[in-house]
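Please look first at the sequence and the structure shown below.

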Amino acid sequence: MKSFRKLALALATLAIGAAPAFAFPDRPVQLIVPWAAGGGMDAVMRIFANGLEAELKQPVNVINRTGGGGVTGHTAIATGAADGYTIGGVSPELSFFRTLGLGDLTVDSVDMFSRVSLIPAGVTVKADAPYKTVADFLKAVKENPKGTFTSSGTGTGGSWHIASGGLMKAAGLPADQIRWVPSNGGAPALQDLAAGGITAFTGSPIEAKAMLDGGRVRTILMMTEERHPNFPDVPSAKEAGLDWTYQNWFAIAAPKGVPADRRKILYEAAERTMKREDVRKGMADRGITPVWDTPAQLQDYVKTFSERGNGVLKDLGLAKN
């Protein structure tokens, strides 16, 4: 009897020791967004989160961590627990923080998976503004002292600020001809525009869709080579004779150091997410171009984008490093 009990105990112990660990993930994942709810990045990441939730079979909770021109949220991603339960949406501002003297955060501070979307810049004005075309708008900007006209859409030196500076240069004006008013993303900037607090929004008209549909604002230019399919009546920069195009991008990233097995699960689930018809259609219906990169494509794209943007930051007089 004692021998039988010993054998049973040994088998039970062996069974416990051989029991598989909980499958990852076994609880909700948080997706940090460095910009305000209602903006372009928030919209993209919520579409992505819904698809990722289906792939991981766990809730994916979008957490908006705003402030510091994107520094707060990007820092939260970079310093998050490297256990696979924290991922984030990365915006181009991460390429410019060091140049702006806002800290040492760079694209190398996080584990970048891939871009997931492209979203074009434009020029959007209040519905009752006197500018019917971008030519009218630029004529008025030229005829008034520097700083008379204002724009917003992100923090100082952020992506939409670069879009504005590049547009001014293409029009033969100083990059800082329009005074920049920092904001925590497109949504608050658009509210300010509709209220008359700023002259223009140089972020993406895609972020302004609700206000455009409601007749509160008008888009007079897309900073693209060709007319955008979602804005067929709005001229492109090329049509307007302006040698300047600009598209923002959003990427998925994780804190560095996530265990290889968990990173593989997250990466492959993210890749499958971007192949889902509901995700691709959800983005395309809003005028957002879905993207998935190879590591080499991502590296080359970000390098070229960063160099171009940092050049405009120097022209804006904002480069500290």
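The model is predicted, so local features need pLDDT of at least 70 and side-chain atom pairs count only at pLDDT 80 or more, while totals for chains, interfaces and linings use all residues. Residues are numbered from 1 along each chain as its sequence is written, and side-chain values use heavy atoms, with hydrogens and water left out.

The secondary structure of the chain comprises 10 helices and 11 strands. Helices (H or I, at least four residues) and strands (E, at least two) are DSSP runs, numbered from the N terminus. The C-alpha trace spans about 100 × 40 × 35 Å along its principal axes. Of the 321 residues, 53% count as buried; buried means under 20% relative accessible area, exposed means over 50%, and partly exposed lies in between (1.4 Å probe, protein chains only). Contact is defined as heavy atoms within 4.5 Å. Among the contacts in the chain with a separation of 6 or more, 77% are between residues 24 or more positions apart.

How do two of the helices meet? The axes of helix α2 (residues 40-56) and helix α9 (residues 277-284) come within 9 Å and cross at roughly 170°. Here the axes are lines fitted to C-alpha atoms, for helices over the stretch in contact, and angles run from 0 to 180 degrees between N-to-C directions. The crossing angle therefore makes α2 roughly antiparallel to α9; angles under 35 degrees count as roughly parallel, over 145 as roughly antiparallel, 65 to 115 as roughly perpendicular and the rest as oblique. The crossing of α2 and α9 is right-handed, a term used if the near helix is turned clockwise from the far one by less than a right angle, whereas anticlockwise is left-handed. On the α2 side, the contact is made by Val44, Ile47, Phe48 and Gly51, and on the α9 side by Val279, Gly282 and Met283. These residues divide into 5 nonpolar, 2 polar and no charged. In this scheme Ala, Val, Leu, Ile, Met, Phe, Trp, Tyr, Cys and Pro count as nonpolar, Asp, Glu, Lys and Arg as charged, and the others, Gly among them, as polar.

Two serines may be considered next. Ser91 is found in the loop between β3 (86-90) and β4 (111-120), and Ser91 is buried, with a relative accessible area of 1%. Leaving aside neighbours within four places in sequence, Ser91 is in contact with Trp35, Met41, His74, Trp249 and Phe250. With Trp35, the side chain of Ser91 forms a polar contact of 2.9 Å, that is, a pair of N or O atoms within 3.5 Å; within protein, one must be able to donate a hydrogen and the other to accept it, and residues adjacent in sequence count only if both atoms are side-chain atoms. Ser159 lies in helix α5 (residues 159-170) and is buried, with a relative accessible area of 0%. Beyond four places in sequence, the contacts of Ser159 include Pro92, Glu93 and Tyr246.

Other loops deserve attention as well. Pro25, in the loop between α1 (2-18) and β1 (29-33), is joined to Phe24 by a cis peptide bond with omega about -5°. Lys57, in the loop between α2 and β2 (60-64), has a phi near 60°, a positive value in a residue other than glycine. Lys57 counts as exposed at 66% relative accessibility.
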